[in-house]
Amino acid sequence: MSRARVAIVGTGGIAGICHVPALRGEAARAEVVAAMDVDAGRVKTFCDEHGIPGAFTDLDRLLEEIRPDLVHVCTPPLVHTEQVVACLEAGAWVLCEKPPCLSLAEYDRMAAAEGTGGSGAGVDGAGGGPYAAIVFQHRFGSGAGRMRELMARGELGRPLVAQCVTAWYRDHAYFEVPWRGRWDTEGGGPTMGHGIHQMDLMLALLGEWIEIRAMAGRLDRDVQTEDVSMAMVRFASGAMASVVNSVLSPREESYLRFDFTDATVELRHLYGYRDADWSYTPAPHVPEARAAAWTAPAAGGAADVPSSHAAQLAALLDSYERGERPATSGAGGRQTLEFVTGLYKSALTGRPVLRSELAPGDPFYHRPHGDTPGWAPEVGT
Ligand SMILES: NC(=O)c1ccc[n+]([C@@H]2O[C@H](COP(=O)([O-])OP(=O)(O)OC[C@H]3O[C@@H](n4cnc5c(N)ncnc54)[C@H](O)[C@@H]3O)[C@@H](O)[C@H]2O)c1
């Protein structure tokens, strides 16, 4: 089986910190053949440092000359759509950093370009594609897999209540990077850029939501978007959740809590979890032996897989080799952007929003802040 030939587009922070190590760990299945950045000096240094043979400053040239099988898009959100579409049309599969793009309209353009490439049908031409998967790495740790499996077996009972907290801290200097904190380049604040990870995992576990009520504000940072948002959401199952997205929280934490009829499941971490970060508390009526089995090591010793780019890349390469749609592509990637859009619409219009109303006739389908200017400054401006 031939190795996937991979290109990295955007050679800034996340490319070097997470994508290169993940790809190095998959050296048996993938080789990085080229990288591209609009900053010529940066891409040259990146390629020299990581032993990548092809350095480019133009994506079309890279796609034409290298014909990669898979492209990791690690650029600012503003350019995700045009780059993802160009890669798909050139027949390459895509792993695109979050947030997927700036609006549902853009997402649908990317999704429409899937499957149009000539040679992108998985390894050695197997199956369908090419597909564009979004980086939502927290779906891929073994802890999430365990919870999903227990839910599927009915072990935890019915989901009732959830909490989804992203309490992170980003100082003023963080927002000096020109594309950050602006609607037209980042697509939003901590809702779109930071809490999206926790909300994605909550949605992946609890399924379809139907209604959201939200508030947001710009309390302290010099940004155009919000720096905090809060929401209440009702799921199709009847379960209800509260959500906090903040970049103003000095003691940082990512916290998810799920109360089922038979158990409380909690996850506490910051940027990535291991199995030990999950806890299971049985309801009083659950026999001890049954609850003990929830966290017992699996027979044969299943690995403790941290949530990470490496875990998601392994799953993506499995999909690629089989020519199957990856979990965070298509509808599987869209659901989280749809939730973010619903949150912004509710916060900016001051009324509850139904998932079903986020259609092409709605201004919020086209821009996360719809036809509003965003919110007025509240403090410090
Ligand atoms: N999954 C995660 O946990 C995670 C963490 C951090 C950042 N991210 C996401 O990764 C993306 C990049 O973030 P970052 O922190 O690495 O940003 P960064 O600013 O450090 O790097 C972005 C790079 O893209 C280059 N670039 C800009 N426009 C380009 C274009 N049109 N073509 C090619 N290169 C271009 C810049 O020169 C820069 O080198 C963002 O979408 C961000 O939200 C994800």
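Predicted model: local features only at pLDDT ≥ 70, side-chain atom pairs only at ≥ 80, totals over all residues.
Residues are numbered from 1 along each chain as its sequence is written, and side-chain values use heavy atoms, with hydrogens and water left out.

Colleague: How are the rings of W168 and Y271 arranged?

Modeller: Rings of Phe, Tyr and Trp (its six-membered ring) pair if their centres lie within 6.5 Å, with planes under 30 degrees apart counted as stacked, over 60 as edge-to-face and the rest as tilted; a search of the whole structure finds 8 such aromatic pairs. For W168 and Y271 the centres are 4.8 Å apart and the planes stand at 85°, so the arrangement is edge-to-face.

Colleague: Is W168 buried or exposed?

Modeller: Buried means under 20% relative accessible area, exposed over 50%, and partly exposed in between (1.4 Å probe, protein chains only). Y271, at 40% relative accessibility, is partly exposed. W168 has 4% relative accessibility, and therefore counts as buried.

Colleague: Which ring does the charged end of R170 sit over?

Modeller: A charge sits over a ring if NZ of Lys or CZ of Arg is within 6 Å of the ring centre and within 35 degrees of the ring normal. R221 lies over the face of Y169, at 5.1 Å from the ring centre. For R170 the distance to the ring centre is 5.3 Å, and the ring is that of Y174.

Colleague: Which helix supplies the largest share of the lining of the largest pocket?

Modeller: On a 1 Å grid over the protein atoms alone, a pocket is an open set of points where a 1.4 Å probe fits, with protein on both sides within 12 Å along at least five of seven lines, and lining residues have an atom within 4 Å of a point. Of the 39 residues that line the largest pocket, the closest to its centre include K98 and W179. Helices (H or I, at least four residues) and strands (E, at least two) are DSSP runs, numbered from the N terminus. The largest share of this lining, 4 residues, comes from helix 1.
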